[in-house]
Amino acid sequence: MTTTNNNHHKSTNKSELKSINEEQLIIIETEGDLNSEDNEPTPEEDISKPIRKKKRRVWGVRTKATLLAMAIGTVPVFAVGGIASFLINEFMYKLVAVSQTNQVNELQNKIHLYMKDRFGDIQVMANLDMFSNPKWR
């Protein structure tokens, strides 16, 4: 009998807990409804809830020292790298322009020599007897 009594006692506790939870739920829901209708807090709520001010984030000495060390290490590297990149870029543009100018001049000289040789060939052929003498035609 004691076992049934203990089981009955446990089931009663569970039902009591359910009813307490439901009552608390109802109370919480009604408090939420009251607050949603009236957005201004009541004087009791002002006293019960502490006013939280937004804390300004203060960096410690360790954080400041770490950031300063990182800045001292990286800023000069980026500055030197940027200047070097700019100077190399300008140098490469000038080098390419000079190289292309030289290639154009070489091609121009080759074409000029080719045309001079062909003009000389035409003059030699024009002075041949077979083209100039009507008997040979």
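## Overall architecture

Helices here are DSSP runs of H or I spanning at least four residues, whereas strands are E runs of at least two, and both are numbered from the N terminus. On that basis the chain of this predicted model has four helices and zero strands, and its elements, read from the N terminus on, follow the order α-α-α-α.

Buried residues account for 0% of the 137 residues in the chain, and the chain exposes about 13,800 Å², of which carbon and sulfur atoms supply 63%.

## Confidence along the chain

The mean pLDDT of the chain is 76, with 61% of its residues reaching 70 or more. Among the elements of the chain, helix α3 (residues 61–126) has the highest mean pLDDT, at 95, while helix α1 (residues 2–37) has the lowest, at 49. Over residues 1–12 the pLDDT is below 50, and this stretch has zero contacts in the model beyond near neighbours in sequence. Residues 28–36 also stay under 50 in pLDDT, and for them the model has one contact beyond four places in sequence.

## The annotated transmembrane region

An unreviewed UniProt entry lists residues 65–88 as "transmembrane region"; this annotation comes from the record, and such annotations may be inferred rather than shown by experiment. In the model, the span of residues 65–88 is 100% helix and 0% strand, and its end C-alpha atoms lie 35 Å apart.

Side chains of opposite charge can pair when their charged atoms come close. The count of salt bridges in the model comes to one, and it joins the side chains of R118 and D121, with an N to O distance of 3.0 Å. R118 and D121 are three residues apart in helix α3, so about one helical turn separates them.

Both partners can also be placed by their accessibility. R118 has 33% relative accessibility and therefore counts as partly exposed, and D121, at 38% relative accessibility, likewise counts as partly exposed, because this class lies between under 20% for buried and over 50% for exposed.

## A nonpolar surface patch

M125, L128, M130, F131 and W136 form a nonpolar patch on the surface, and together they have about 560 Å² of accessible area. One of these residues, W136, is placed in the segment after α4 (129–132). W136 counts as exposed because its relative accessibility is 61%, where the cut-off for exposed is over 50%.

Technical notes: Residues are numbered from 1 along each chain as its sequence is written. This is a predicted model: local features need pLDDT of at least 70, side-chain atom pairs count only at pLDDT 80 or more; totals for chains, interfaces and linings use all residues. Side-chain values use heavy atoms; hydrogens and water are left out. Buried means under 20% relative accessible area, exposed over 50%, partly exposed in between (1.4 Å probe, protein chains only). Accessible areas come from the Shrake-Rupley method with a 1.4 Å probe; for residues, only the protein chains shown count as cover. Patches are made of residues with over 30% relative accessible area and no salt bridge: like charges are joined within 9 Å, nonpolar side chains (Val, Leu, Ile, Met, Phe, Trp, Tyr) within 5 Å. A salt bridge is a side-chain nitrogen of Lys or Arg within 4 Å of a carboxyl oxygen of Asp or Glu. pLDDT is the predictor's confidence in each residue, from 0 to 100. Contact means heavy atoms within 4.5 Å.
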